[in-house]
Amino acid sequence: MISLLFLCSFSLALAQGMNSFEAANKAYNQGDYSQAVNEYQNIIEAGEESFEVYFNLGNSFYKLNDVANSIYYYEKAALIDENHPALQVNLSYARGMTIDSINQKSESGISKVFNEFILSVELSIWTYLSIVLMLLFVTFYLIFLLWNSTKIKRLAFILSIISLLFSLSSYGLASRHQSLEAKDRPAIIFSNTVVKAEPNDRGAVLFELHLGTKVQIVDQMGNWAQIQLADGQEGWLLIDTLKSLKE
Amino acid sequence: MKTMKFYHFLVLFGLLISLQGFAQETVEFAVNLSKSKLGINERIRVDFSMNQDGDQFTPPDFKGFRVVMGPSQSTSSSWINGVRSFKRTFSYTIAPIQKGTFTISQASVVIDGKTYKTQSKEVIVTDAVKKPSDQLTAYDIAEEKLHLVAEVSKNSPYLNEPITVVYKLYVGGNINVSNFRPLENPTYENFWSSEIPINKYSFSSGTYKGEPYNVVDLKRVVLYPQMTGELVLEPLSLEITADVPTNRRDFFGGVIYSSTNKVVTAGKRTIDVKSLPEEGKPANFSGAVGDYNFFVEASKNILNAGESLQLKVRVKGTGNLKLFQIPEVKVPASIERYDPEFSEDIKTTFGGMQGEVSNSYTLVPGYKGKYPIPSISFSYFNPKTKRYHSIDSEEVLLQILEGPELGQEDQPNQVQKLEVVADDQFKFIELQTKLSPIEKKNFFGTLNYYLSWLLPLLLIPLAIIYGKNRQKRRGDVEGNRSRRANQLAKKYLSAAKKAIADKEEFYVALERALHHFLKAKLKIETSELNKDKIAEILLERGIEKDDIKELIQLLEHCDMARYSPISAGEIQTDYQQSIATITKLDKKI
């Protein structure tokens, strides 16, 4: 009964979200971009999301010439589907509005390929894979233990060892995935700011950053965040000039 | 005829009235000293002058002085443009008797029935001077009557607040200045300076230390202090050629002038420059002090990629226009920006610099799209309001209609760039979606995960225990067998005891009992039962040789006894013997 109620309310909320989405699309098409922004943000405030909501929000902010918000929502959409063709086109338009130009630093080959491989598979898949492989190991090992035929015993033993190794490595990859995710803290600059060498006002000014630039948060101390740019430069800035993409 | 007379009378009457009015308005009676401070060996001249004729002139008593000459009276009267001017002067030349401060008291005169009095004047008599004034040379007079003064508009300005310095030459005593030449021009160190040229030198009247002088502005400079603290204005020195009147007269009675050169110096001045207040100082303050307007303008807003436009950053107003930096424009990285061209249109006036300075940037957008050029802010300090002001420029939006799309420059095949342009327009929003709750919980790392990952492993020890149990049960079959053999051994042994009377039966039972005992103890089959084998196994089990021998003898005896006559006593002994052996072996195995 309760679950039925829950299901009902959930589907109701979903329907509301869909209504907002349609209304926002309509407002966007009529050129009322701030209204569209409101409607899209209603969906997010109601606790729902989708690639399209973020993408359309990015579009609306682009039309409003709001560089930082536009890039922020495009990047959020990119967290869901990085390779969406329309997203790539519009994101490059939005990036054109930014002041800063930062060159991508090429990472060393093997670790990059390895990390990309890990991140390309979702965490839940690694998780369930480790469980399934563990079950397989136990099954094969039981066969090995309890079966009489030597032939089958030998085969089961080999298979069980292989499954155990794979299960352990799946676990390792899952935890690596998790730590990579935890380390990946992208954020967008929301107000023009200076980057300092130390997390205090006396620190020497290293460089300036402007609206819409994407940075990685490396560390944090009080009100200050240590950030890294795509080209590897690091420095400290006030944390309220940033908005984290993963909140 | 009669009327003519009447008109004449009217005109005369009018004239009279006007004269009367003129006479009544401006009665002046004044005293004038040639100097107010003199040495005891000098003389001064005292003039009492009136502009209306008067009677009963009473001079003061000149206490402390001796009248050397006078009174001498001079009267002048003239008509100029119908205005009559009249002047009568009584002059005395007096010499002091002693040092000190003396007062020349009031003189009085009666004009039109009213008594007018002069003011009393103080005269200071000092020690004897080297050159009494009547022996003064032209140079001495020039020295006394020429003064150069630097007038500074403000003694404690803010940093970069303009101040003006005016060098004024005070000329007294009928000296004519014919030329001047600067000897030493101040460099105005730590100031930005601009001299305001003076086209025409014109005299005006002024006073210097209470005495009337003619004044001329010789030099005007606008200064912007560039350092805080006490700054020293260097003195200005001028060499002045002056014509000084002498006491001699020429044939026509004109005064003969003698020419002399005199160096005058305006004294050092110290300016205390205040630093700008720290309170409320904007972060982007670049030193502008004054009153300004600020603009950012683009020559065009809609254009194609590859075309150029001018972006002009202008600062307009009054203040230290040449002395600050115009804020820099930040443009999106995809727009090419060239170094700005600086231009200025500044007039320096007495109040400071006025006009505008501007930086003109040439921008060339490379890609199509929309590029907002963010507003920049310009801050200045206004010394009048003593506060900082900030002006934000308006945002300029550039729209680039045609051109390649950003992000394509990385692609290797640039030739195809133009062909795909149509596909790279800004994409419309997506219309279909599938919403999902934002909160995502990670299963990985939770307790449930570890339980479901590792719990299956418990099946392995369970299976091992199961296997062990099964083996045990299998092992119990042997145990049962030996237990049964043991029971059989006991059974046959008791059977043998019953059949102790029957030799044959006794020995068969005894043998069987022994066999079953060995089967139970040594877990061997009936087929394996022969004496050598038994001996071998027993030896392996660590049984002593004597015991083994005893057992073997017993078995042999059983074999033998079946076919040979044996006494009842022997049977009894064998029975006892076998029980003892079994007990012994039972203990040892």
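In this predicted model, 45 residues of chain A are in contact with 43 residues of chain B. Strand pairing also links the two chains, through β1 of chain A and β31(B). The largest nonpolar core counts 56 residues, and another core, of 28 residues, lies apart from it.

**The side of chain B that touches chain A**
- Four elements of chain B each supply at least two residues here: β27 (369-373), β31 (436-437), α3 (447-454) and α4 (459-498).
- The most comes from α4(B), which gives 5 residues.
- Sorted by class, this side of chain B holds 25 nonpolar, 10 polar and 8 charged residues.

**The largest nonpolar core**
- In soluble globular proteins, nonpolar side chains tend to be buried together.
- Here, A:Tyr74 and A:Ala94 have the most contacts inside the core of 56 residues.
- Helix α4 of chain A, residues 67-80, contributes the largest share of this core, with 8 residues.
- Leaving aside residues up to four places away in sequence, A:Ala94 touches A:Gly58, A:Tyr62, A:Val67, A:Ser70, A:Ile71 and A:Tyr74.

**Another core**
- A core of 28 residues lies apart from the largest one.
- Among its residues are B:Leu169, B:Val221, B:Leu233 and B:Ala242.

Technical notes
Residues are numbered from 1 along each chain as its sequence is written. Chains are lettered from A and ligands numbered from 1 in the order in which they are written. This is a predicted model: local features need pLDDT of at least 70, side-chain atom pairs count only at pLDDT 80 or more; totals for chains, interfaces and linings use all residues. Two residues are in contact if their C-beta atoms, placed from the backbone, lie within 7 Å. Ala, Val, Leu, Ile, Met, Phe, Trp, Tyr, Cys and Pro count as nonpolar, Asp, Glu, Lys and Arg as charged, and the others, Gly among them, as polar. Two strands pair if DSSP finds at least two bridges between them. A nonpolar core is a set of buried Ala, Val, Leu, Ile, Met, Phe, Trp, Tyr and Cys residues joined through C-beta atoms within 7 Å. A residue is buried if 20 or more other C-beta atoms lie within 10 Å of its own, exposed if 12 or fewer, and partly exposed in between; C-beta atoms are placed from the backbone.
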